[in-house]
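Me: I'd like to learn how to read helix packing in a model. Could you walk me through it?

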Amino acid sequence: MDVFFQSESSPALLILRLCLAVVFFAHGSQHFAGWFGGRGLKSTVTNWNERYQIPVAIGVIGVFTEFFGSFALVIGFMTRLVVLGLMIFMWVAMRKGHWGNGFFMAHGPGSGSGIEYCLVLLLMNLALLVGGGGVLSLDRWLAG
């Protein structure tokens, strides 16, 4: 359990963790609750199922990981588990939704976005997977 909760004492990991929490809360709340112009849970997972052949149960798990994982990141609880789930979520988003559009986020109106943004989020999560939640994380406190 120490390996799971152990964390570097770097404040950079705290900053990274909080920034990711904001991004995944905002994006997850679109998928989960329909806030900020989103579709909400039912419409999101139905769309993913029809458009990308992602099973509904997997879509629900992804949305829950994205939305509720953001709260876990704020307090630094189970950071490694949460970011592993978010990394998988980003990998699926890259492969299913963005891969065919190339690398860059914007190619012009109506052309779709590439993998750039998802890749950056995946790599930010990787940093937390390696380093842990950083200072002021519940994980660090639990590791003692």
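Reply: Happy to. Let's start with contact, which means heavy atoms within 4.5 Å. Keep in mind that this is a predicted model.

Me: Which residues of α5 and α6 meet?

Reply: On the α5 side, the list includes T79, R80, V83, L84, M87, W91 and H98. Their partners in α6 include C118, L121, L122, N125, L129 and G131. By class, this contact has 16 nonpolar, 4 polar and 1 charged residues.

Me: How do I describe the way two helices pack?

Reply: Two packed helices are described by the angle between their axes and the distance between those axes. Here, the axes of α5 and α6 cross at roughly 160° and come within 9 Å. Angles over 145 degrees count as roughly antiparallel, so α5 is roughly antiparallel to α6. The crossing of α5 past α6 is left-handed.

Me: At what angle do α2 and α6 pack?

Reply: Helix α2 (residues 11-33) packs on helix α6 (residues 116-131) at about 135°, with the axes 10 Å apart. The two are therefore oblique to each other. α2 also passes α6 in a left-handed crossing. Among the residues that meet are L13, R17, L20 and F24 from α2, and Y117, L121, M124 and L128 from α6. That contact divides into 10 nonpolar, 2 polar and 1 charged residues.

Me: Which helices do the buried residues of α2 pack against?

Reply: They pack against α3 (41-52), α4 (56-75), α5 (79-98) and α6. The buried residues of α2 include L14, L16, A21, G28, S29 and H31.

Notes:
Residues are numbered from 1 along each chain as its sequence is written. This is a predicted model: local features need pLDDT of at least 70, side-chain atom pairs count only at pLDDT 80 or more; totals for chains, interfaces and linings use all residues. Side-chain values use heavy atoms; hydrogens and water are left out. Axes are lines fitted to C-alpha atoms, for helices over the stretch in contact, and angles run from 0 to 180 degrees between N-to-C directions. Helices (H or I, at least four residues) and strands (E, at least two) are DSSP runs, numbered from the N terminus. Angles under 35 degrees count as roughly parallel, over 145 as roughly antiparallel, 65 to 115 as roughly perpendicular and the rest as oblique. A crossing is left-handed if the near helix is turned anticlockwise from the far one by less than a right angle, and right-handed if clockwise. Ala, Val, Leu, Ile, Met, Phe, Trp, Tyr, Cys and Pro count as nonpolar, Asp, Glu, Lys and Arg as charged, and the others, Gly among them, as polar. Buried means under 20% relative accessible area, exposed over 50%, partly exposed in between (1.4 Å probe, protein chains only).
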